[in-house]
Amino acid sequence: MFKRVFGKAKQERNALPTIHKLNDTLEMLEKKEKVLVKKAAAEVEKAKQFTQARNRAAAIKCLKRKRLYEQQIEQLGNFQLRIHDQMIMLEGANATTETVDALRSGTSVMKAMNKATKIDDLEKTMDEINDQTESMKQIQEALSAPIGAAADFDEDELEAELEELEGAELEEELFQPATTAPAAAVHVNAPVGRQPTQPAPQRNNREEDELAALQAEMAL
C-alpha cells in the first residue's frame, strides 16, 4: 500500500498538469458565476414588473429565486478562492522542486568534474609542462650556439685584438702633423688725405722651408 501511494506521489511530482486542471476548473466556475448573476438580475426585473402589476405573490417568488442565485454565486466565489489558494501553493511548490532539482544536478556535475580532475593528475600535468618548456629552451640554446670553425674562436682574444686596433687608431690621430691655415690679411682703412702703407715684404723660400722642417721635428 505504501509503495503504491508513494509511487503515485512520485509519478505526480510534476505539478504543471494539476495547475492546468485547476485553471480550467476556475474558468468554468467564473462562467457559471456570470450566468447566475444574469439570472439574479433578471429576477429583480421581474419582481419590479410584478410589483407594478400589483402582483405581490409573484414578486416575492422572484425575490426568493434571486436569493437562491445569490447563494450559489457566493458558493462559487468560495470555490474560486480555494482554487486560487491551491494554485498558488502548487506553483510555489513546483518552483521549489525545480530549484532543488537544478541544484542537485549542478552538484552532481561538480562532483563528476572534481572526480575527473584530481590534484595528483594536475600536479603531474604541470610537471610535464615544465619539463617540455625546459627541453624547448635547451633546444633553442643548442641551435643558437656557434658551430664549426666559429666555435673555436676565443672571445677574450677577439676583445683584446679589438682594443689594440682602437688604441693604434687613436695614437695615429694624436701624432698626425697639424696643418696651419694661412693668416688672413688685415686691411686697415687709411686716414683721409694719407697714402696707404705698403705691405711688408714676404719671406724668401729658404726661411719657409726651415720653418716647415722645424714644425715637423716638433710633431715627432
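The following conversation concerns a predicted model of a protein chain.

Visitor: How much of the chain is made up of buried residues?
Guide: Of the 220 residues in the protein chain, 9% are buried.

Visitor: Which residues gather in a patch of negative charge?
Guide: Such a patch lies on the surface, and Glu 155, Asp 156, Glu 157, Glu 159 and Glu 161 are among its members. The patch also includes Glu 163, Glu 164, Glu 166, Glu 169, Glu 172 and Glu 173.

Visitor: Take Glu 157, then. Where is it found?
Guide: Glu 157 belongs to helix 5, which covers residues 155-174.

Visitor: Is Glu 157 buried or exposed?
Guide: Glu 157 is exposed, because its relative accessible area is 56% and the exposed class begins over 50%.

Visitor: How exposed is Met 126?
Guide: Met 126 is partly exposed, with a relative accessible area of 42%.

Visitor: Changing topic: what is the phi of Arg 54?
Guide: Arg 54 has a positive phi of about 65°, although this residue is not a glycine.

Visitor: Where does Arg 54 sit?
Guide: Arg 54 is in the loop between helix 2 (16-52) and helix 3 (56-116). Its relative accessibility is 76%, so Arg 54 counts as exposed.

Visitor: How far apart are Val 44 and Leu 63?
Guide: In sequence, Val 44 and Leu 63 are 19 residues apart. In space, they are 6.6 Å apart, taken C-alpha to C-alpha.

Visitor: What about Val 44 itself: which helix, and how accessible?
Guide: Val 44 lies in helix 2. Val 44 is partly exposed, at a relative accessible area of 28%.

Visitor: Last one: among contacts between residues at least 6 apart in sequence, how many join residues at least 24 apart?
Guide: In the protein chain, 75% of those contacts join residues at least 24 apart.

Terms used: Residues numbered from 1 in each chain as written. Predicted model: local features only at pLDDT ≥ 70, side-chain atom pairs only at ≥ 80, totals over all residues. Heavy atoms only, no water. Patch = residues over 30% accessible without salt bridge, like charges linked within 9 Å, V, L, I, M, F, W, Y side chains within 5 Å. Areas by Shrake-Rupley, 256 points an atom, 1.4 Å probe, with all protein chains shown as cover. Salt bridge = Lys/Arg side-chain N within 4 Å of Asp/Glu carboxyl O. Lys, Arg positive; Asp, Glu negative; His and termini not counted. Charge placed at Lys NZ, Arg CZ, Asp CG, Glu CD. Helix = DSSP H or I, 4+ residues; strand = E, 2+ residues; numbered from the N terminus. Buried < 20%, exposed > 50% of the residue type's maximum accessible area, 1.4 Å probe, protein only. Contact = heavy atoms within 4.5 Å.
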